[in-house]
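Please read it alongside the sequence and the model.

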Amino acid sequence: SLAVTPVTVSAFSSLSLVPPLVLLCIDAGATILPHLREAATFAVSILAMGQHALSRRFADQAVSRFEGVAFTRGASGPALIDGALAHIECRFVALHPGGDHVIVGGGA
C-alpha cells in the first residue's frame, strides 16, 4: 500500500488552480509506480529542513523506508509524515512518460 511506500520526488509543483492540481516527477524505475497506478489517492508531505535525513532515506529503494518513522493517516488513508511543514492529500489523476521519469498528476 502507499502508506508503506514513500518516495522522494525529483520535482514537485503546482499545476493548476482551477481545478487544484499538482504534479510530481518520479524516476521511471521507482518501486512506487505500480502502487500509484492502482491508487485512488496519495499524499505529499513537504518536509522541514530538519528532516533532510528522511528525504535521503525515502530516496533509497533498498531500505524499509517507514521503519521508525512517525506518521498519521490522512482523511483519505495515505500516510502523512509527522513534523512535516505541510501535507497535501490528492486523488490520483494521471501518469505521463517524461524521459527517464514519470509525471504524476494529482488533484485536491
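Phe 71 counts as partly exposed because its relative accessibility is 30%; buried means under 20% relative accessible area, exposed over 50%, and partly exposed in between, with a 1.4 Å probe and protein chains only. Phe 71 belongs to strand E4 (residues 71-73), where helices (H or I, at least four residues) and strands (E, at least two) are DSSP runs numbered from the N terminus. The C-alpha atoms of Phe 71 and Asp 82 are 4.8 Å apart in space, although the two residues are 11 apart in sequence.

This is a predicted model, in which local features need pLDDT of at least 70 and side-chain atom pairs count only at pLDDT 80 or more, while totals for chains, interfaces and linings use all residues. Residues are numbered from 1 along each chain as its sequence is written, and side-chain values use heavy atoms, with hydrogens and water left out.

**Overall architecture**

- The chain contains two helices and seven strands.
- Read from the N terminus, the order of elements is β-β-α-β-α-β-β-β-β.
- Of the 108 residues in the chain, 35% are buried.

**The open sheet**

- Five strands build an open sheet in the order E1-E2-E7-E6-E3, with antiparallel pairing; two strands pair if DSSP finds at least two bridges between them.
- Strand E1 (11-16) and E3 are the edge strands, each pairing on one side only.
- On average, neighbouring strands of this sheet are turned by 40 degrees against each other, direction ignored; the axes are lines fitted to C-alpha atoms, for helices over the stretch in contact, and angles run from 0 to 180 degrees between N-to-C directions.
- In general, strands of a sheet pair through backbone hydrogen bonds, either parallel or antiparallel.

**Strand pairs and their partners**

- E3 pairs with strand E6 (residues 86-98) in the antiparallel sense, over six bridges.
- Within E6, Cys 90 stands opposite Phe 42, and Ile 88 is the bridge partner of Val 44.
- E6 and E7 run antiparallel and are joined by seven bridges.
- Ala 94 has Gly 105 in E7 as its bridge partner, and His 96 stands opposite Ile 103 in E7.
- The hairpin of E6 and E7 has two residues between the strands, and Gly 99 takes a positive phi near 70 degrees there.
- E2 and E7 also run antiparallel, joined by seven bridges; the bridge partner of Asp 27 in E7 is His 101.
- Because five of its seven residues are buried, E7 is largely enclosed by the rest of the structure.

**Nonpolar core**

- The largest nonpolar core has 12 residues: Val 22, Leu 24, Ile 26, Ala 30, Ile 32, Leu 33, Leu 36, Phe 42, Val 44, Cys 90, Val 102 and Val 104.
- A nonpolar core is a set of buried Ala, Val, Leu, Ile, Met, Phe, Trp, Tyr and Cys residues joined through side-chain atoms within 4.5 Å.
- At least two core residues come from each of strand E2 (21-27), helix H1 (33-38), strand E3 (41-46) and strand E7 (101-107).
- E2 provides the largest share, three residues.
- In soluble globular proteins, nonpolar side chains tend to be buried together.

**Surface features**

- Phe 12, Ile 46 and Leu 85 form a nonpolar patch on the surface, and together they have about 270 Å² of accessible area.
- Patches are made of residues with over 30% relative accessible area and no salt bridge, with like charges joined within 9 Å and nonpolar side chains (Val, Leu, Ile, Met, Phe, Trp, Tyr) within 5 Å.
- A salt bridge is a side-chain nitrogen of Lys or Arg within 4 Å of a carboxyl oxygen of Asp or Glu, and accessible areas come from the Shrake-Rupley method with a 1.4 Å probe, for residues with only the protein chains shown as cover.
- Ile 46 lies in strand E3 and counts as partly exposed because its relative accessibility is 33%.
- Arg 37, in helix H1, counts as exposed because its relative accessibility is 52%.
- Arg 37 and Ala 94 are 57 residues apart in sequence, with their C-alpha atoms 8.4 Å apart in space.

**Backbone detail**

- Val 18 and Pro 19 are joined by a cis peptide bond, with omega about -5 degrees.
- Pro 19 is located in the loop between E1 and E2.
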